[in-house]
Structures are given as structure tokens and as C-alpha cells.
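Let us walk through this protein chain step by step. Keep the sequence and the 3D view side by side.

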Amino acid sequence: MKYAIKKINEVLKEEELQTAILSFDVFRRQELLQMKSKRKQMQSSAVTMLLYDLLQEFGLKQVELIKDHNGYPSIKGHPELYVSLSHSGEYVAAAVSRDPIGIDIQKKEDKNREAFVTRYFTKMEQDIVFCEETIFDESSRFLMIWTGKESYLKMVGTGIRRPLKSIEIDIQNACVLDLEKEIVASLDFVIDNEYVCCFSKICSTSL
């Protein structure tokens, strides 16, 4: 697996945006030009450029991004490669692997999370966020669980339409327990002062 996490301005400057968009394949170009928000154009363009850089390490220079019916990207003509993209605030993250992979990054924010956590997190996850004393602060614990869920659902290709309490994140053992599909996935975290990023990878098909 290859991955990269960067700030948008490390990848792309505002004055370079239109040139960057025009350099992408037709599908990606049309998708970006339809976005009404310049900020979203910057985020999506920067994460695409980050992905292109990673793909060069796999010997690919000219590629075409396509999306499945759930909106998840892949590389046309290269079913042997799995890709995953994410952005949050001024950060972008991309991953490429020969095995199924999901990535999610979330910028840390100071906000009240109690109602959200109660609605979407299991009892064990709620205890981790609000009760458990670890080396991580509450914001990091919350985002480790949330990015774990998001990255896992990207990996399996279903998105957050599923009941989120059917997926339990164990940050102590860095794994996901999918109670519906009987899948166990491993997690890798990158924890920064400003963000949390998580990668999901399949490690077992039975609980």
C-alpha cells in the first residue's frame, strides 16, 4: 500500500486550479467543472493530483478515473489496483493498494459530540469517547472511531447508508468488527495535532 497526506497548498495553488482541472481525464474534468464551490474544486483537484503522484509509483502515468454506482473511484483498465480518496478542511489524503483499501481523514474541531455519538456509536464506542482514559484526547478518540467507520465503509463499497452501530471500532486492538457481514478489518491510524486519518484493510472473513 502507498498513501499520502498533505495540505492542499502543498499540492496545488489557487492560481493553478484551472490548469490542473484541464489536465485531468474527461470524466474527472467534467465532474470538477460542475462544482459550484471553488473550495470543493480545490479539495477534489488536490486529492486527484495526490492520487496521480501515487499511481506513478505503480508505473502508471496516464490514467482515467471512473466511479461505481456508489460513487467510489477506481482506475479504468486496472482492476488489480484499489484506490481511496478523502479530504477535510485544508487536508487531502489518498491511498493505492493491490488489496481492498479505504481511507478517511477528518480535521479536528472543538464541538459538542454527545448527541451524535449517542445516535451513531455503539455502547462500547461511547464509553471509549467519553469515559476511557487513554493517551489520546477526546477529540482524537472520537475521530479514530468515526474515521474507522468511514474508511471501512469505503473499503467494502457501501457508504454510510448502513446502520453505523452494526460496525464496531475497537481502537485498542485497531480493528473493525462488522456484525452484519462477519468481517474483521484491521485499522491503521495517523494521528496529528490537527487531524486523524484512518486506513481500513481486510484481515479476516469470520468473527
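Leaving aside its neighbours within four places in sequence, Lys-149 is in contact (heavy atoms within 4.5 Å) with Tyr-120, Phe-121, Glu-125, Leu-164, Ile-167 and Ile-169. This is a predicted model, where local features need pLDDT of at least 70 and side-chain atom pairs pLDDT 80 or more, while totals for chains, interfaces and linings use all residues. Residues are numbered from 1 along each chain as its sequence is written, and side-chain values use heavy atoms, without hydrogens and water.

Find Lys-149 in helix α7, residues 138–156. Helices are DSSP runs of H or I, at least four residues, and strands are runs of E, at least two, numbered from the N terminus. Is Lys-149 buried or exposed? Its relative accessibility is 1%, so Lys-149 counts as buried. Buried means under 20% relative accessible area, exposed over 50%, partly exposed in between (1.4 Å probe, protein chains only).

Now turn to the rings. The structure holds eight aromatic pairs. Rings of Phe, Tyr and Trp (its six-membered ring) pair if their centres lie within 6.5 Å; planes under 30 degrees apart count as stacked, over 60 as edge-to-face and the rest as tilted. One of the pairs is Tyr-3 with Phe-199, tilted, with 4.5 Å centre to centre and 55 degrees between the planes. Tyr-3 sits in strand β1 (residues 2–7) and Phe-199 in strand β10 (residues 195–204), so this pair ties together parts 196 residues apart in sequence. Phe-199 counts as buried because its relative accessibility is 2%. Tyr-3, at 39%, counts as partly exposed.

Ring pairs also link Phe-116, Tyr-120, Phe-121, Phe-142 and Trp-146 into a cluster.
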